[in-house]
There are 2 protein chains.
Amino acid sequence: MKLNQRGNTVNLSIIGLGARGYSQLQLLLTMKDVEIVSVCDRYQDRVEKAQQAVLESRGKKPQGTLVASEAICHKDADAVIIMTSWETHIPLAIEALNNGKRVALEVGGSSSLEECWQLVHESEKTRIPVMLLENCCYGETEMALLNMVRQNVFGTLVHCAGSYGHDLRDEIGLGDINRHYRQNHFLHRNGELYPTHELGPIANYLHINRGNRMLALTSMASKACGIHAWFQTNHKQSPLANTNFSEGDIVTTMIQCAQGETILLTHDCTLPRFYSRSGVIRGTKGMWMEDGHAMYLDGITPVTDWMHRPEEDRPYLEKYRHPLWQEYYAFGVRGGHDGMDYLVLRAFLESVQEQKEPPIDVYDAASWMCITALSEQSIAMGSAPVPIPDFTNGGWCLQQEQSHRQEFEL
Amino acid sequence: MKLNQRGNTVNLSIIGLGARGYSQLQLLLTMKDVEIVSVCDRYQDRVEKAQQAVLESRGKKPQGTLVASEAICHKDADAVIIMTSWETHIPLAIEALNNGKRVALEVGGSSSLEECWQLVHESEKTRIPVMLLENCCYGETEMALLNMVRQNVFGTLVHCAGSYGHDLRDEIGLGDINRHYRQNHFLHRNGELYPTHELGPIANYLHINRGNRMLALTSMASKACGIHAWFQTNHKQSPLANTNFSEGDIVTTMIQCAQGETILLTHDCTLPRFYSRSGVIRGTKGMWMEDGHAMYLDGITPVTDWMHRPEEDRPYLEKYRHPLWQEYYAFGVRGGHDGMDYLVLRAFLESVQEQKEPPIDVYDAASWMCITALSEQSIAMGSAPVPIPDFTNGGWCLQQEQSHRQEFEL
């Protein structure tokens, strides 16, 4: 993957200009090989603000529209980036494919298993790739860990875990009453709503869809009382203060993989907590644990007593810095979320410029996003196990050329 | 609970004199109000060593026997303490009840659901109490946390987690070839083999069997490759070096409670790691996490950035030191496992001296130990949910006198 911006110009339509969409637009406008031909949102003021930002950067006002189809079908658009509400990601991506456009979608869960299949079928039918913009796959820590995994530092991998541990009570409870979309999911659904930040990197560690796959899951939800308690303390007069939220405060999901590994996911957004993705990697030769910044490697970590105390992970993460991140430090780390946003956008843009498969493809998108719909099913059935489809239709166990994934396959 | 040793003398038969049994015997011999009338093990040398220890301490040699029934039926025994292999705990406890003796059993999992019921039925029929010696219920940290829970520092509890995270590869792989019992469980079983160190304290936090109960669980096991890999590196010539162990390296169990809380347990003994019981307490007002020693309390922990970083738990655990532990510090902390062994033994001895219910009773023993057999069932059925019986037969939802549990009910 190339970090500079010297490829052919990519003309983009941007759909979704909320907090995330606007910040990604600003990052795209720093890139020399990107032009923005259309900006779209359901709110006029956001569209105008985005048009103004493009005008100031490029001296030319892009199309502005409230209608996603107009942005998708813009004649000059080489590709579409979707950064709308979770539930519109896949339908809009399908519409983009259907109109012959390469498409990238921001992260989120699926609404149903069926839409995941539809996305795969549409991409296969049109032979147009899709990329999921899972920025955490490009995180400095996650890529250093991937590098350690590929160098066999942890031995055979056995178990991985991760969370979306983010106290979002104020955003979910109050938010921007007219515009947020997250609240509806928490009001009406009960499942692993947001699995990909932790699952994406884990899927890379475990070669999911490339020699391995997720077979089945079972999910369990705690009661939902975090937001209600928060309202009672902080916003007793809110119209939602006595509303029942459906989403359990802690939703736990166990996943079984074809090669015998297990994955544990936790969705955790409505109780007081510190932010953490609570990553865990366990192998026959060592382990890493995000909480407590712990690294323990057999025969390397000094053993001073029976408790086998861990070491700080930082020196190892620096020692095993991923080649892409070594290059990135020399080039200059930039953009949001400690630099990962830049990398994930460049990966997508490069796939458009070189007309190649993106590194996080439609099978990754479908298999990671489907966890949301399947966890809802499992919880609805009292934590019954639910099969996870093989979206690759057997392709996962074939040896395939992975040059478009050089940063992940090493 | 009284810390001194001024009650009526309790005459004990001790069954099981391995590493655990012998160290508990030594602790019992420091107590003025305890006499040892019989010591029993299946190995003669252990019996003789224990007899010698009692002789040196008390000037009188106790009965020594290889036959458990002889120790149980010793005419002078007021009570029996069972510290044998896991699979013999419940059968021997039933035999003790059947012979009119109060009995305490060391921790471990159950072999079957049926034996848990048998234990309950036998105790109910004979009206003789049983105590499970779960020392971690008396840990300084666990009791401080219980104190915080009862003082509502965490608000309404929503989720708890805990692990038995202990690298036992050398003990399981090699051990004392003739005498260990753990190895057989790892060779032949696949489940949550050892749940009570973490589940006991959690059951206290959540009022399990006293206003709440565990309803159902589902378990998932990773592949079992930790011991094999360890043999390949360390003991390639061992006769077990190519044996398949059944026990998954990481076994995860999710439990649903009647009041809507979830409990997550992890059994984790055959991969490299540091020791941790990985406790987690989550409530509407705050959280504690053992790994990383993190405490985060809403409105108390200073918020300096969006990540809401946690505080060190230590000052809180000291501030909320449990009344029993305040007394214990003044009295002088003593005995193994940072003092908890002394407390759990005194709790049992006091229940014998005062002929009262022990604080960890037969319903606790059955409901905590049954998790092992039920997790095996769930794993055998592909992580299907399995109901957890109500051993109290409805008693859990009745308001009951809890004076014998003053240290836990506060």
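**Loops, symmetry and cysteines**

Author: Start with A:Q151, which counts as partly exposed at 48% relative accessibility. Keep in mind that this is a predicted model.

Reader: Where does A:Q151 lie?

Author: In chain A, in the loop between α6 (140–150) and β7 (157–165). Its C-alpha atom is separated by 9.2 Å from that of A:Y320, 169 residues apart along the chain.

Reader: Other loops, then. Which residue other than glycine has a positive phi in chain A?

Author: A:S278, with phi near 45 degrees. It sits in the loop between β10 (262–268) and β11 (280–283) of chain A.

Reader: Is A:S278 buried or exposed?

Author: Buried, with a relative accessible area of 11%.

Reader: Switching to symmetry. What rotation puts chain B on chain A?

Author: A rotation of 180 degrees, with 0.0 Å of shift along the axis and an RMSD of 0.0 Å. That is the relation of a two-fold axis.

Reader: Which residue of chain B comes closest to the rotation axis?

Author: B:G292, with its C-alpha at 1.8 Å.

Reader: Why say the copies meet through the same surface?

Author: Because 100% of the interface residues of chain B are also interface residues in chain A.

Reader: Cysteines next. How many disulfides over all chains?

Author: Zero, from a search of the whole structure. A:C116 is in no disulfide, and the nearest cysteine sulfur, in A:C370, is 5.5 Å away. A:C116 counts as buried, at 0% relative accessibility.

Reader: Last one. Which residues are buried in helix α10 of chain B?

Author: B:G226, B:I227, B:A229, B:W230 and B:F231, in a helix of residues 226–234.

Reader: What covers the buried residues of α10(B)?

Author: The cover includes α7 (169–173) of chain B.

Terms used:
Residues are numbered from 1 along each chain as its sequence is written. Chains are lettered from A and ligands numbered from 1 in the order in which they are written. This is a predicted model: local features need pLDDT of at least 70, side-chain atom pairs count only at pLDDT 80 or more; totals for chains, interfaces and linings use all residues. Side-chain values use heavy atoms; hydrogens and water are left out. Copies are superposed by least squares on the C-alpha atoms of residues with pLDDT of at least 70 in both. Contact means heavy atoms within 4.5 Å. A disulfide is a pair of cysteine sulfur atoms within 2.5 Å. Buried means under 20% relative accessible area, exposed over 50%, partly exposed in between (1.4 Å probe, protein chains only). Helices (H or I, at least four residues) and strands (E, at least two) are DSSP runs, numbered from the N terminus.
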